[in-house]
Structures are given as structure tokens and as C-alpha cells.
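Trainee: I would like to learn how to read a model like this one, feature by feature. Could you walk me through it?

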Amino acid sequence: MTETSQPATRPGNPRFSSGPCAKIPTFTLDKLSDAALGRSHRAAVGKTKLKDAIEGTREVLGIPADYKIGIVPASDTGAVEMAMWSMLGARGVTMMAWESFGAGWVSDVAKQLKLDATIMEADYGQLPDLSAVDFTTDVVFTWNGTTSGVRVPNGDWIPADREGLTICDATSAAFAMDLPWDKLDVTTFSWQKVLGGEAAHGIIILSPRAVERLETYTPPWPLPKIFRMTKGGKLIDGIFEGATINTPSMLAVEDYLVALDWARSVGGLQGLIKRADANARVIWDFCDTHGWIANLADDDATRSNTSVCLKFTDDRIKDGAAFAQAVAKRLEAEGVALDIGAYRDAPAGLRIWCGGTVETADVEALMPWLDWAFNAEIAAQ
Ligand SMILES: Cc1ncc(COP(=O)(O)O)c(C=O)c1O
């Protein structure tokens with residue numbers, strides 16, 4: 001067999017990591033020159049920027065005026081943990097998971113909070129039965145499973161008149177998918193994902209019902225300071241107006257503000273969704289026309305448009321994990337795709353980030369390289 005020759009065109013930007021994700025296409029460090037560096041985040045200049053980050057999030061994501069938005073420590077993990085530790089235990093709990101991040105929340109609730117939750121799990125590539133969820137309980141789920149590339153298709157399975165709260169980890173969904181705010185009581189994400197921001201800060205979004213829970217329920221376990229959203233039974237309003245619990249990075253805040261501006265310039269949320277859809281479509285079409293690769297998602301309606309996860313399906317492959325790693329390594333060595341190996345706990349394969357900061361031309365340029373690396377690795381086996 002002859003090795004296919006190398007494609008002529010390389011992606012302009014080879015960064016297809018699923019987090020931290022590619023920065024906005026117009027990014028340069030000097031865009032951050034207006035950062036309030038060396039100033040107190042509680043001074044007017046710092047507080048104004050934090051407030052702008054909150055209200056910019058509301059504007060771009062279309063979050064209702066009566067929802068609270070806070071910037072919190074420890075990225076998305078911090079935001080999810082503070083929600084679970086502050087609110088769960090008031091009623092029954094359903095934990096849903098179909099990949100490793102969701103599984104992590106299941107484990108924390110069962111082993112750390114020691115709650116007797118109903119656990120609904122599905123294998124990589126699938127979703128649990130959404131029609132079987134008991135919404136008299138609080139329900140914790142991940143909108144887009146970053147490590148399996150499987151997302152819920154919409155919010156239709158969540159009743160408007162639910163009794164429990166929904167707690168949604170939307171870290172690889174926010175800014176790439178429509179999120180039905182009326183169906184979500186707590187929503188979290190981190191800056192390092194779809195807008196290509198910096199890590200360390202998370203966003204938590206609370207519906208009025210979530211605020212009510214916080215103000216009427218005190219969990220039986222101790223809460224560290226960085227999880228506390230109430231004082232004396234009342235919401236600490238400052239957290240949701242730019243007075244963060246502890247000191248934020250004003251450089252990361254500036255970077256997020258710059259990314260929000262870019263998001264506005266490409267048409268806001270709908271523009272971002274269109275970009276992610278177009279990127280993912282390039283890979284979906286490639287899979288449709290190449291028999292040796294397939295989407296990890298079993299059902300097309302649940303395929304992610306951000307973390308596109310792929311598996312190799314060719315009978316000639318002897319060791320699936322080694323093969324996938326070798327393909328990823330080959331592409332990295334050529335400088336055409338960085339960080340596209342499947343997540344460490346996920347089935348062997350590739351994961352190509354398609355969020356809005358990635359240019360469609362770069363995904364298009366990558367596809368012939370995938371073909372090249374696959375054939376080269378088959379020949380090398
Ligand atoms: C679905 C999901 N949840 C949580 C996390 C953790 O995010 P962070 O490291 O920003 O806390 C990630 C990161 O990739 C994720 O994809």
C-alpha cells in the first residue's frame with residue numbers, strides 16, 4: 001500500500017483543544033491592555049468591569065432580567081460544587097451522567113454529600129432515558145457531555161411546572177447551544193470553554209426558584225466560604241453585582257470582556273451557534289463519506305456541535321487505543337491539530353473542538369489531514 005501524500009493546505013490555527021479552547025480569532029495580548037491590573041477589584045474600575053462581565057453575559061446569552069449571575073472561584077467545577085453543596089438535600093435528588101464530568105458529579109453527591117440519589121447513567125455515545133426523569137426531585141445533569149460529544153437535544157423533556165430544581169453544567173454548551181432559561185434553575189459554565197477565555201473563573205446563573213431554595217434551606221453539612229451564597233438566610237446580592245467572594249484575576253476578566261465583544265461582532269449567540277454548527281457539520285459530513293470513522297454519539301439528534309467525539313471503525317485496526325493515539329500524535333507532530341486525543345476516561349478516538357472561536361476553514365483544512373494520518377497509521381501498523 002502507498003501512503004497518501006500530505007495535503008497541501010494546513011489549518012491556519014491548529015488549536016482544536018476542548019479546553020482551554022482556541023482563543024477568539026482576533027486575539028492578541030495587546031487587546032488586554034485596558035485590564036485593571038494592580039487595582040483593587042473592589043475599586044470602581046474593577047467593580048465596573050466585573051459588573052460589565054455579568055451584564056454582558058446576560059445580554060449575549062439572553063438570560064432573563066430576574067435571574068442572578070455571579071462570577072465565582074474555581075471555574076465550572078467551583079460553580080457546580082457550590083450549587084450542589086448549597087442546595088441539595090432539601091428533597092430527593094436525581095443525578096444524570098453519560099460521560100466523565102457528569103460521572104464526577106454523581107460520585108461527589110453519593111460519596112461526599114452521601115445523599116441517596118437516584119442515579120441515571122448511560123454509556124459513552126448515549127443518553128439516559130430523558131422521559132423517565134422524576135422532576136419532583138432536584139435533577140443534576142450536564143447539557144453537553146464534553147468527553148462523549150453527546151448533548152441533550154433540547155429542554156422539552158424538562159417540565160415547566162417541575163417541583164424540584166434543575167442544576168445544569170453547561171460549560172461546553174453556553175455560547176454554542178440554545179439554553180431554555182425557563183427550564184434551568186442553576187446553570188454553570190467556565191470562561192475557558194466556548195469563548196476561549198481563561199481558566200479559574202466560573203459563572204453561576206440562578207433562577208428565582210434557585211434563589212428561593214438558597215434563602216429557605218440550610219444544608220446539614222458545613223460550607224466553606226467560597227461556596228457560601230447567603231448570609232443570615234438572605235442571598236449575598238453583591239456576588240451577583242460584581243463583588244466577588246474572593247479576589248478575581250482582572251486580566252482574565254478583561255479577556256472575557258474582549259471575548260464578549262467579539263461574540264457580539266459575529267452576531268451574538270445566534271452567530272456563535274451558527275459558527276459551531278458549521279464547524280461540526282464539516283466533520284459530520286466527513287464521517288458520512290468515510291467508512292472508517294464515525295461519531296461517538298449514537299443518535300444524530302444528540303451529536304455535540306462543540307466537542308465532536310469520533311471513533312475509528314476500521315476492521316484492520318489492531319489496537320484501538322494505540323491507533324487513535326498514534327493518529328493524534330502524527331497530526332500534532334505535523335502541527336495541524338493540537339490536543340485532539342479522546343479524553344483520558346473516554347473510549348479510544350479523537351475529539352475535535354468546534355466551538356465558535358474555531359474557524360470553519362480550519363476544520364475544513366484538517367479533514368484531508370485526518371485522512372492522511374489514518375492511512376499512514378494503517379500502513380504503519
Ligand atoms: C462538562 C464539563 N464540566 C466540568 C468541566 C470542568 O471545568 P473546569 O475545569 O473549568 O472547572 C469541564 C471541563 O472540560 C466540562 O467539560
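Predicted model: local features only at pLDDT ≥ 70, side-chain atom pairs only at ≥ 80, totals over all residues.

Trainee: Which residues come nearest to the ligand?

Mentor: A residue is near a molecule if its C-beta atom, placed from the backbone, lies within 6 Å of it. Here 13 residues are around the ligand, and Ser75, Thr77, Phe101, Thr146 and Ser190 come nearest. Helix α2 (residues 75-87) gives the most to this shell, with three residues. Helices are DSSP runs of H or I with at least four residues, strands are runs of E with at least two, and both are numbered from the N terminus.

Trainee: How many residues of each class does the shell have?

Mentor: Ala, Val, Leu, Ile, Met, Phe, Trp, Tyr, Cys and Pro count as nonpolar, Asp, Glu, Lys and Arg as charged, and the others, Gly among them, as polar. The shell around the ligand has nine polar, two nonpolar and two charged residues.

Trainee: What is the strand order in the open sheet of three strands?

Mentor: Two strands pair if DSSP finds at least two bridges between them. The order is β12-β13-β14, with antiparallel pairing. β12 (293-295) and β14 (350-353) each have a single partner strand, so one side of each is left without a neighbour in the sheet. From one strand to the next, the twist averages 35°. Strand β13 (residues 307-312) pairs with β14 over four bridges, and Val308 stands opposite Ile352 in β14.

Trainee: Why do α7 and α8 count as oblique to each other?

Mentor: Axes are lines fitted to C-alpha atoms, for helices over the stretch in contact, and angles run from 0 to 180 degrees between N-to-C directions. Angles under 35 degrees count as roughly parallel, over 145 as roughly antiparallel, 65 to 115 as roughly perpendicular and the rest as oblique. The axes of α7 (residues 320-333) and α8 (residues 360-380) cross at roughly 125° and come within 9 Å, and the two helices are therefore oblique.

Trainee: At what angle do α1 and α5 pack?

Mentor: Helix α1 (residues 44-61) and helix α5 (residues 250-265) pack at about 35°, their axes 10 Å apart. By class, their contact (C-beta atoms, placed from the backbone, within 7 Å) has nine nonpolar, two polar and four charged residues.

Methods. Residues numbered from 1 in each chain as written.
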